[in-house]
Amino acid sequence: MNSCDREGGHCTEMAMVCLTDFEEYAKEHLSKATWDYYAAGADECCTRDDNLLAYKRIRLRPRILRDVSVSDTRTTVQGMEISFPVGVAPTAFHCLAWHEGEVATARAAESVNTCYITSTYSTCSVEEIAAAAPDGYRWFQLYVYRDRKLSEQIVQRVESLGYKALVLTVDVPYTGKRRNDIRNQFKLPPHLKVKNFEGMFQQETSVPEEYGIPANTLDPSISWKDVSWLQSITRLPVIIKGILTKEDAELAVEHGVQGVIVSNHGGRQLDGGPASIDALSEIVDAVQGRIEVYVDGGIRTGSDVLKALALGARCVFIGRPIVWGLAYKGEEGVREVLQILNDEFRLSMTLSGCRNISEINRNLIQFSRL
């Protein structure tokens, strides 16, 4: 963000203080079609907006005089230690925001020692991402396609590259209706590709594209049996992303997955579903510690992270703010976004009387205001 000295005429760079500063910068500097794509929610965007509002309805019950002179934000996900309980959610097309795209995101996540879930719809390949941040802790987000060979090949590639888990996204049998993308006739610019599928679709040019690949490629018949199929072709832990009910959480446990991400796809799929944070408690109660539970959607401050952990999430994942960081300053911008959240989380945690992650629990939440 720049402010100009009226008299001298020179510009100075203002400090980025919170995540909404990055949002404002990105909105100002990205093209309208790109901004609309990242910001899009389905239909009337009620669920997208409620993801944010739901956090504001939750109140904290801070404890005082607890000696918070020393604090520790470290935690583990799937047995791997990360520096704080915020990871990078899978979002598509990072090259639209910054020329280095996912390579910059991967480096930033590696530098702060947290988990980066790479999107199937990356504009850098899984190989380029692994090479850019060889010591990074990465999971891979997967869709199931009508042609199972596509999914199978990519699973084999990421497993051989050292990705540590598969995140099966289950809330997209069909793509949600994102009105501005339709109005803008959103398309990837010619110089960008969904790199993981380069050369895999030998279709005629007459076939319409949807978000960079031929339309109707996703398999709407996906069911719980496909979870078992996925487990049969990989040794990697399987985490299911897109669960919003205790019934499906129970089924996930029954099917032997290692974790679930409570998610409504950033409000981009079914409009009118619950905010992710509002669905979290019933899912945590249903799984009873048998598998790890994560949440995404609407996290903008360190106190949001604290609220999610108090309600039982092991870790949260952020999507849009990562893209805003990229738009601001690439790798450095993403690192700043993550660092601000880490600092805010540590501050909220200590102001609430918690010295470490294990001291965060539901007693911190004022349920009467939910």
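**A buried histidine and its surroundings**

Modeller: Happy to. In this predicted model, H265 is buried, with a relative accessible area of 15%.

Biologist: Why is H265 called buried?

Modeller: Buried means under 20% relative accessible area. H265 has 15%, so H265 is buried.

Biologist: Where is H265 found, and what feature does UniProt place there?

Modeller: H265 sits in the loop between β13 (259-262) and α10. The unreviewed UniProt entry places "active site" at H265.

Biologist: What is H265 in contact with, leaving aside neighbours within four places in sequence?

Modeller: Its contacts are Y143, T169, D171, V172, R178 and K241. Contact here means heavy atoms within 4.5 Å.

Biologist: What makes the crossing of α9 and α10 what it is?

Modeller: The axes of α9 (residues 246-254) and α10 (residues 276-287) come within 8 Å and cross at roughly 35 degrees. The crossing is right-handed. K246, E247, A249, E250 and V253 of α9 meet E282, I283, A286 and V287 of α10. Those contact residues divide into 5 nonpolar, no polar and 4 charged.

Biologist: Which residues touch the most other members of the largest nonpolar core?

Modeller: Among its 108 residues, they are F93, Y121, V260, L280, L338 and I360. Helix α12 (residues 320-351) gives the largest share, 13 residues. Another core, of 14 residues, lies apart from it and includes A89, C115, I117 and Y294.

Biologist: What does V260 touch, not counting residues up to four places away in sequence?

Modeller: V260 touches I239, I240, I243, A252, I283, I291, E292, V293 and Y294.

How values were computed. Residues numbered from 1 in each chain as written. Predicted model: local features only at pLDDT ≥ 70, side-chain atom pairs only at ≥ 80, totals over all residues. Heavy atoms only, no water. Axes fitted to C-alpha atoms, helices over the stretch in contact; angles between N-to-C directions. Helix = DSSP H or I, 4+ residues; strand = E, 2+ residues; numbered from the N terminus. Left-handed = near helix turned anticlockwise from the far one by under 90°. Nonpolar A, V, L, I, M, F, W, Y, C, P; charged D, E, K, R; others polar. Core = buried A, V, L, I, M, F, W, Y, C linked by side-chain atoms within 4.5 Å. Buried < 20%, exposed > 50% of the residue type's maximum accessible area, 1.4 Å probe, protein only. UniProt positions renumbered as here; feature names shortened; annotations may be inferred.
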